[in-house]
Amino acid sequence: MRNQLSDTIVNIKPSGIRKFFDIVAEMNDPEVISLGVGEPDFDTPWHIRDEGIYSLEKGRTFYTSNSGLMELRTEICNYLERRFDLHYDPRKQTLITVGGSEAIDIGLRALINPGDEVIIPQPCYVSYEPCAILTGAKPVIVNLKAENEFRLTAEELEEAITPRTKLVILPFPNNPTGAIMEREDLEAISRVIIEHDLMVMSDEIYAELTYKGKHVSIAQIPGMQERTLLINGFSKAYAMTGWRLGYVCGPADIIEQMTKIHQFAIMCAPTTSQYAAVEALKNGDDDVEEMRRAYDQRRRYLIHEFRDIGMDCFEPFGAFYVFPSIQRFGMTSDEFATRLLKEQKLAVVPGTAFGECGEGFLRISYAYSIESLKKAMGRIREFVKTL
Amino acid sequence: MDNIREAILTTIEKNSRIDLNELAIRLGTDEVSVANALESMESEGIICGYHTMIDWDKTSIDKVSALIEVRVTPQREEGFDRIAERIYNYPEVTSVYLISGGYDLLVSLEGKSLKEVSQFVSEKLSTLDTVISTATHFILKRYKDHGTIMNTRTEDGREKVSP
């Protein structure tokens, strides 16, 4: 039989997260605890779940329009206006997607011609590079540095640009490092982006989870809104990962083309989730703030613990991850994480799962109760003692 | 109220046994500031006590709780305060609220048995001069108390590792 598979997909490496997940699953040991998840530990606030249930009771089980419920798009635009002073047209500049992940995929597909270069700062979330490759793009990786607190600098960006560069992915607040980009950081890279006439795909899924002032979107920087696809969603802010709901806002001509792909590939985002999300945006601000404060306490606790143990850790101001260095132990991230799992039954994710420059670091999630974090930090402490 | 005081209150409201040093770390301040804030909030009467939530049903100790609606005649100059005081001074009374609506005072009560609670109502409460009527509701099951859901699940339903 002839080879049935696409060379492109076969040549894409599976996610490094998957590999570690398999090791944990194979151990199948109830004693194993984890700081390895990339989703909130909170349940979706009850009033939001209740609205989902209500929509089912009312029989709202049909497709919505391709772009999503008009009411939801309007609430999203109200939210962006109220939080970030950004103005988008709910009719032409807003599309509801199946999680932020779909928006990443179809955004790339709408923008890229084969051979175009896409700049991807790493360490970063695992899907940008493979999704870019699937469109025929050439990914150009920028290795972010711990000494810059894993922010993207104008110099780093400038160096990566060639005449074929089309798009810059901007994943801040960042998974896995917890890094943020503040207004002056964004202004500096915006000058470069405008000068070279590039587009930006700004993945702001963790926008609500920052711990040093309010998040600033690159779309707020003068001249940037017309060259930015702003991606956000409900997973992290409202603890709604399983509802699979995100959105993208941007220039009308790009949203129009993305809507075509979405219409053919997906049809529309889940209807129940859309109704629940309307409630989240209307009445969920307090829930978000309460969760943010809880994360902030855990973040401070973890940073203190890592420093107390003697592990270098820059202070991250976003998302729910810390990214401590393990360089002084003379092991690779993979070895460290594997031994920590085998010897102390604690699962964490090696930094390399998010790009080669994650070598020497671990991603530690604090989407866990303080009690769980204490137990886990005790195990890390024990492990480090044996080194 | 400043942020640190508010943050202390919302944290210890859920866990009053928290170690001061840990609380300081979590709030991004130092232990002395936390201790000072606690002390001043105690003396200002903002913090009125540190209690423990107990599910007595899981022990061998018998407890019966009731909520009692009480209608009273308010007294000149004293309003409801004097009658409330006469009720709340009984140690078996665990709370007394003046409320709006169809009756005046909501009294919660704890006793060893139905008989004990009934006796209190008929002999002590109903016989007070200004009490017009009472309606006693025995608590059959406690689903949620002080913001805590009893018998709630604790397992983590998430995958152990995810992107």
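## Domains of chain A

Domain bounds come from an automatic or database domain assignment. In this predicted model, local features need pLDDT of at least 70 and side-chain atom pairs count only at pLDDT 80 or more, while totals for chains, interfaces and linings use all residues. Residues are numbered from 1 along each chain as its sequence is written, with chains lettered from A and ligands numbered from 1 in the order in which they are written.

Chain A is split into domain 1 (7–44 + 286–385) and domain 2 (48–284). Taken over C-alpha atoms, the centres of these domains of chain A are 25 Å apart.

## Domain contact

In chain A, 35 residues of domain 1 are in contact with 37 residues of domain 2; contact requires C-beta atoms, placed from the backbone, within 7 Å. On the domain 1 side, α11(A) gives the largest share, 7 residues. That side has 19 nonpolar, 9 polar and 7 charged residues. Here Ala, Val, Leu, Ile, Met, Phe, Trp, Tyr, Cys and Pro count as nonpolar, Asp, Glu, Lys and Arg as charged, and the others, Gly among them, as polar.

## Nonpolar cores

A nonpolar core is a set of buried Ala, Val, Leu, Ile, Met, Phe, Trp, Tyr and Cys residues joined through C-beta atoms within 7 Å, where buried means 20 or more other C-beta atoms within 10 Å of the residue's own. The largest has 116 residues, and V348(A) is one of those with the most contacts inside it. This core draws at least three residues from each domain of chain A. Apart from it lies another core of 11 residues, including V70(B) and L105(B).

Notes: A residue is buried if 20 or more other C-beta atoms lie within 10 Å of its own, exposed if 12 or fewer, and partly exposed in between; C-beta atoms are placed from the backbone. Two residues are in contact if their C-beta atoms, placed from the backbone, lie within 7 Å. Helices (H or I, at least four residues) and strands (E, at least two) are DSSP runs, numbered from the N terminus.
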